[in-house]
Amino acid sequence: MTYKTTIGLEIHVQLKTKSKMFCGCDNNAEGVQPNTLVCPVCLGLPGVLPVANKQAIGWTLKTGLALNSKIAEHSKFDRKHYFYPDLPKGYQISQYDLPFLIGGQVEIEVAGDKKIIELTRIHLEEDAGKLVHAGTDSLVDLNRAGTPLMEIVTEPCIDSPLSAKIFLQELRSIMRYLGVSSADMEKGHLRADANISVSADEKLGVPVEIKNMNSFKMVEKALLYEEKRQREVLDAGDKIAKETRGWDDAKGITYSQRSKEFAQDYRYFPEPDLPPFEPTKMFDLAKLKAEIPELPAEKRKRYQSEMGLSLQDAEVIAIDQEMANYFEKTAEIVSPKLAANWIINELKIDGLVKIKPEDLAELLKLIDSNEISGKIAKDVLPQMLETGKSATDIIAEKGLKQIGSEEEIAKIVDKIISENSEIVSSIKAGKTSAIGFLVGQVMKETKGQANPAMVNKIINEKI
Amino acid sequence: MAQISKTDVEHVAQLARLNLTKIEEEKFTQELGEILNYIDELNELDLTKIKSVSQISGLENIVREDKITNENNREKLLTNAPSQEKGYIKVKQVFE
Ligand SMILES: [Zn+2]
């Protein structure tokens, strides 16, 4: 039986504002002692007044502009009630019926196919604190309580676990390009919950919610597992239960989480302490839009159509803003294809940080002009990293210049031919594949400093 | 005209983590019903031409600049916590 998979995602993105969403506490809790970044507002003490962080709202709108969402004319915050020790007020300030952003689209490429992921909405809320489990107690750290959290909800329109993973990676990249979040999944800056259903026809199946996926790999693995599990349930003629399942990464399975005794009822009502917003009046949207840099999808297109890169190379470079900037600078000086090849395959993260684009370009120009071979360049690069010297200096110091003139190479070819008369006669007898051996001998003799194409040409002429 | 059933009261109590006795359940079913009836009188007004609002303060677009204005005041703030350990607030173990 052929089955259709449908996935919807709910993504939470922590905004890296200086201060929290509704109070002036420091928002950067990394490596900080527990409960040192808290105040009466984020602790939910009686009589306090939350005031919204302008930057957090501005960044949310900017994200919406980048993701083609419609900006709401009227928006407000609501209280969402539930009890959990990491939620000091007994409610979370969130948005219910009037989110800042409605709809939106993200374009991704899955194995060469363009796909549009439709967004339902984007709203702003506050994060909860953290629980540390210790023996028979739980310990609560509220440093993170009140961190601005953007919730991005997609339509149930994602067709495979791979598409879901690629969409999340694209989203992480966009958040970093926009400079609104570090979007590190392992650190919880970006968290994803998924709904996945499998059905035998065009109708949507029964959605199962998956939680606890803390990396892109886990998202794909958990969804693949769940897709297979649901197909097997249907194959056996059974029904899928609507439930929440957790991902156990060690065992590589999803497991049913104890279903709530009764349906969640968050009893939303408008947050009385925060007056409503008219986002289009609060911000100069044209200015916000002008601040949005070229995003990965546009870069991918431009790298292919204007710079001649393969889709694969364009994808690898465009997804990482630092790599993209580096590539664009290098490609101003040398051919984009050569630059891309070296940046992706040779430079690595260390090189991106330590070697300037113009210094890499200097090395690549020497390959382009046949002064050194690619092989030599690969030896020079680590020395540039280690010593900080320029490619030209290293080559001069070590005498690594390519043996370039036809004359020089011809002399060496003559020597190799006279030393290998048997092989030469077998080539003359028609065993042309043996030419490679002679080329190898010449390269060995020149310590790799000759241009192999030229060596090949000269040998062919002489035999 | 009772507007609320005993099951509703039990549900609301559960959401609010309240343990009600049988007598309290009866009492609140009746009292909450009366409150709802009282509020129901508002439905007699014709509000078709009135825009709904979630606030009557008349304020809008109230924001603050993104600045850190608070300092660490843990010792004092945690005096409200029922129990603490190494700077954490200590609670009964949480499952789920
Ligand atoms: Zn605070």
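**Figure 1. Strand 10 of chain A pairs with strand 3 of chain B.** Strand 10 (residues 137-141) of chain A and strand 3 of chain B run antiparallel and are joined by four bridges. Two strands count as paired if DSSP finds at least two bridges between them. Helices (H or I, at least four residues) and strands (E, at least two) are DSSP runs, numbered from the N terminus. In strand 3 of chain B, the residue opposite A:Asp137 is B:Lys92. The model is predicted: local features need pLDDT of at least 70 and side-chain atom pairs count only at pLDDT 80 or more, while totals for chains, interfaces and linings use all residues. Residues are numbered from 1 along each chain as its sequence is written, chains are lettered from A and ligands numbered from 1 in the order in which they are written, and side-chain values use heavy atoms, with hydrogens and water left out.

**Figure 2. A salt bridge links B:Lys90 and A:Asp137.** A salt bridge is a side-chain nitrogen of Lys or Arg within 4 Å of a carboxyl oxygen of Asp or Glu. By this rule, the interface of chain B and chain A has one salt bridge. In the pair B:Lys90 and A:Asp137, the closest N and O atoms are 3.9 Å apart.

**Figure 3. The hairpin of chain B.** Strand 2 (residues 84-85) of chain B runs antiparallel to strand 3 of chain B, with two bridges between them. B:Gln84 has B:Ile89 of strand 3 opposite. The two strands form a hairpin with two residues between them, and B:Lys86 in the turn has a positive phi of about 50 degrees.

**Figure 4. Strand 2 of chain A pairs with strand 1 of chain B.** Here strand 2 (residues 52-53) of chain A and strand 1 of chain B are parallel, and two bridges connect them. A:Asn53 has B:Arg64 of strand 1 as its bridge partner.

**Figure 5. The interface of chain B and chain A.** Contact (heavy atoms within 4.5 Å) involves 56 residues of chain A and 36 residues of chain B. About 4,100 Å² is buried between the chains, and carbon and sulfur atoms give 57% of this area. Buried area is the accessible area (1.4 Å probe) that two parts lose on being put together, summed over both. Between chain B and chain A, 24 residue pairs are in polar contact, both residues being at pLDDT 80 or more. A polar contact is a pair of N or O atoms within 3.5 Å; within protein, one must be able to donate a hydrogen and the other to accept it, and residues adjacent in sequence count only if both atoms are side-chain atoms. On the side of chain B that touches chain A, strand 3 of chain B gives the most, with five residues.

**Figure 6. Salt bridges within chain A.** A:Glu226 and A:Arg245 form a salt bridge (3.5 Å, N to O). A:Glu226 lies in helix 4 (residues 216-235) of chain A and A:Arg245 in strand 14 (residues 244-248) of chain A, so the pair ties together parts that are 19 residues apart in sequence. Both A:Glu226 and A:Arg245 are buried. Buried means under 20% relative accessible area, exposed over 50%, and partly exposed in between (1.4 Å probe, protein chains only). A:Lys281 and A:Glu278 also form a salt bridge (3.5 Å, N to O); A:Lys281 is exposed at 62% relative accessible area, whereas A:Glu278 is buried at 10%.
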